[in-house]
Amino acid sequence: MSIVCGIPLVECVYCLACARWAWKRCLHTAGHDSETWGLATAEEFEAIPRLCRYILAVYEDDLRNPLWAPPGGYGINPDWVVLRKTYEDTQGRAPPYMLYLDHNHADIVLAFRGLNLAKESDYAVLLDNRLGQRKFDGGYVHNGLLKAAGWVLDAECEVLRELVEKYSNYTLTFAGHSLGSGVAAMLSMVVVQNRDRVGSIERKRVRCYAIAPARCMSLNLAVRYADVINSVVLQDDFLPRTATPLEDIFKSLFCLPCILCLRCMRDTCIPEETMLKDPRRLYAPGRLYHIVERKPFRLGRFPPVVRTAVPVDGRFEHIVLSCNATSDHAIIWIEKEAQRALDLMREKDNTMQIPAKQIMERQETLTRHSQEYKAALQRAKTLDVPHASTPPSQYGTFEEEGEESSRRSQGESSFGSTNKSTVDESWEELIERLFDKDEHGHIVLKKQ
């Protein structure tokens, strides 16, 4: 009898616990994801609005007579467009893209458009993946996006190599939105691993900007390539937060409220430690830039603030229950808010008029990025993230323990030969200083 009487009490406690969880979950806003991150500077954020406009230009059929240009235009010289590929050219193996030679910013830009809801080939690329299907460089990646990136590299490596060799001081930038962001991120990784195919370009000259990124690589890769890949997220965007497998994105496009609530409940109930230790779980790649321009319980948009970090835990793990989850994914809104944020940064930054301080700030930004990058690698190692790397050496190499033994052995042998040559030179100098040869060719001690 006493057990029967206790059942209502257990039910009440259970209901109260569920209500508390639901209340806290509904109060979770996008600002919580990046509240501990540092603020981005105008110098490091400058390229993002410009690259958003380049991505928008891929949608145009004729850049000389644009139909959907944003205020101020795309900022593109049509004569500098090297090539443009449409769906007919790619045969559905990759989204359309444009190769642009940006002489104003000393940059070679390969920009990809986002998901086309009317193209079955885009869905085929997106859905070509199973959890843990494809391994790459000691981690897991999205199979369809990696295949698309490989196809693009095979098709354009000759052109890229010619441009990289001709303009040796230009950077090579890959940029994309939504589906294109995943292809751009995969392509940057493939290029870094096969730099000889594009003119033996240095790693520091390769950049990637993934706008509204898809979750396309495991956590160890997302952190390890943070010096190359940059992801940009606007407020509540659902795509960087949609948990793997990425097939759920396809469902979300057609039944978003139901799917997001179910995924939200499931992911919230899974401990983050469990998610971090799953080597197959995919994440948004690289360094993250989060544009925050709305506050909870307040109407309208506020002056945007850009926060940046290379997080390991708390890396957009939870979907935000927001009516703006899909609108924040639009490239038009991202470009607009990114430009507003950049204008505000420039207004507050008096160093834009003082070159000496501007150079000093650039060095401080690079130092801060390097420290955050090493701290993220160390944090991943501390949390026992599978296949996590140790902080990189001063030479910028990123070796996996037990993997890539040939590259490591080559590096060790070259390093050893350098030390050996240095030691040999020191001994030769010492011998020349202490000894000499007489008239018969015998070695004798020099007279002091």
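Two strands are taken as paired if DSSP finds at least two bridges between them, and strands (E, at least two residues) and helices (H or I, at least four) are DSSP runs numbered from the N terminus. The model is predicted, so that local features need pLDDT of at least 70 and side-chain atom pairs count only at pLDDT 80 or more, whereas totals for chains, interfaces and linings use all residues. Residues are numbered from 1 along each chain as its sequence is written, and side-chain values use heavy atoms, with hydrogens and water left out.

Nine strands form an open sheet with mixed pairing, in the order S1-S13-S12-S10-S8-S7-S4-S3-S2. Its edges are strand S1 (38-39) and strand S2 (81-85), each of which pairs on one side only. Strands S12 (residues 287-292) and S13 (residues 305-309) run antiparallel and are joined by five bridges; Ile291 has Val306 in S13 as its bridge partner.

Helix H8 (residues 179-193) packs on the sheet, with contacts (heavy atoms within 4.5 Å) to strands S4 (107-112), S7 (171-177), S8 (206-211) and S10 (229-234). The direction of H8 makes about 150 degrees with that of S7. Helix H13 (residues 331-348) also packs on the sheet, touching S7, S8, S10, S12 and S13, and its direction makes about 100 degrees with that of S10. Axes are lines fitted to C-alpha atoms, for helices over the stretch in contact, and angles run from 0 to 180 degrees between N-to-C directions.

The axes of H7 (residues 143-166) and H8 come within 8 Å and cross at roughly 65 degrees. Residues of H7, including Leu145 and Val152, meet residues of H8, among them Met186 and Val190.
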